[in-house]
Amino acid sequence: MTTYTQIYYHIIFSTKNRRPVLAAPNREVLFRYIWGILKNNKCHLYRINAADDHVHIFTSLHPTVALADLVREIKSSSSRYIKDKSLFPGFDGWQDNYGGFTHSINEKNAIIDYIKKQEEHHKKISFQEELRRMLEEAGVEIEEKYFP
């Protein structure tokens, strides 16, 4: 017998102080780097995208990987990489926290499509509004001090 799992996570994290520094021309370089981290952790990347101030990742998690450890590695390694390669002028790190939402296989295509359309989506809604909506939909209690 082997271990069988189906754990899909939609991970979202923001730049420090939500600074809009993730300029589109260098995002693909960042995405490839994060993809490498996921592959090294035996995770499968379904979609990654970003807006100027935050990143969305839709991935499956290998059963030996803890979400908090994976996000910590993505954020710390990518932060060093961004600074070493001077990918995004003004980037000074990621915010400490993140959002991690599980989804079923039935939601997979809708989440992938949602992440693909991030730039279009954020012409209408801010990251704060997006995160609030996601927390409400997931039934997560919102700490208002983080939503000025």
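**Group meeting: a strand, a helix and some aromatic rings**

Both Phe13 and Trp94 are buried, where buried means under 20% relative accessible area, exposed over 50% and partly exposed in between, with a 1.4 Å probe and protein chains only. Before I go on, this is a predicted model, in which local features need pLDDT of at least 70, side-chain atom pairs count only at pLDDT 80 or more, and totals for chains, interfaces and linings use all residues. Residues are numbered from 1 along each chain as its sequence is written, and side-chain values use heavy atoms, with hydrogens and water left out.

Back to the rings. The structure holds six aromatic pairs. For Phe, Tyr and Trp (its six-membered ring), a pair needs centres within 6.5 Å; planes under 30 degrees apart are stacked, over 60 edge-to-face, and the rest tilted. Phe13 and Trp94 make an edge-to-face pair, 4.8 Å centre to centre with 85° between the planes. Phe13 lies in strand β1 and Trp94 in the loop between α2 (67-85) and β4 (99-103), so this pair ties together parts that are 81 residues apart in sequence. Helices (H or I, at least four residues) and strands (E, at least two) are DSSP runs, numbered from the N terminus.

Trp94 also pairs with Phe91: the centres are 5.0 Å apart and the planes at 70°, so that pair is edge-to-face. Phe91 is buried as well. Elsewhere, Tyr8, Tyr46 and Phe58 form one aromatic cluster.

Phe58 brings us to strand β3, residues 54-60. How many of the residues of β3 are buried? Seven of seven. His54, His56, Phe58 and Ser60 point one way, while Val55, Ile57 and Thr59 point the other way.

Next, the neighbours of β3. Two strands pair if DSSP finds at least two bridges between them. β1 (residues 8-14) pairs with β3 in the antiparallel sense over seven bridges, and Ile57 is the bridge partner of Ile11. β2 (residues 44-51) also runs antiparallel to β3, joined by seven bridges, with Thr59 as the bridge partner of Leu45. A hairpin of two residues joins β2 to β3.

Now helix α2. Its 19 residues reach 26 Å from first C-alpha to last, close to the 27 Å expected at 1.5 Å a residue; the expected span is 1.5 Å times one less than the number of residues. Its buried residues include Leu67, Leu70, Val71, Ile74 and Tyr81. What do the buried residues of α2 pack against? They pack against β1, α1 (27-40), β3 and β4, with contact meaning heavy atoms within 4.5 Å. After the helix comes Ser86, whose phi is positive, near 50°.

Take Ile74 in α2. At 0% relative accessibility, Ile74 counts as buried. Not counting residues up to four places away in sequence, Ile74 touches Phe13, Ile34, Ile37, Leu38, Ile57 and Ser79. Two of those names have come up already: Phe13 from the pair with Trp94, and Ile57 from β3.

Last, His103, which lies in strand β4. Leaving aside neighbours within four places in sequence, His103 is in contact with Tyr8, His10, Phe58 and Ile111. Tyr8 and Phe58 belong to the aromatic cluster I mentioned.
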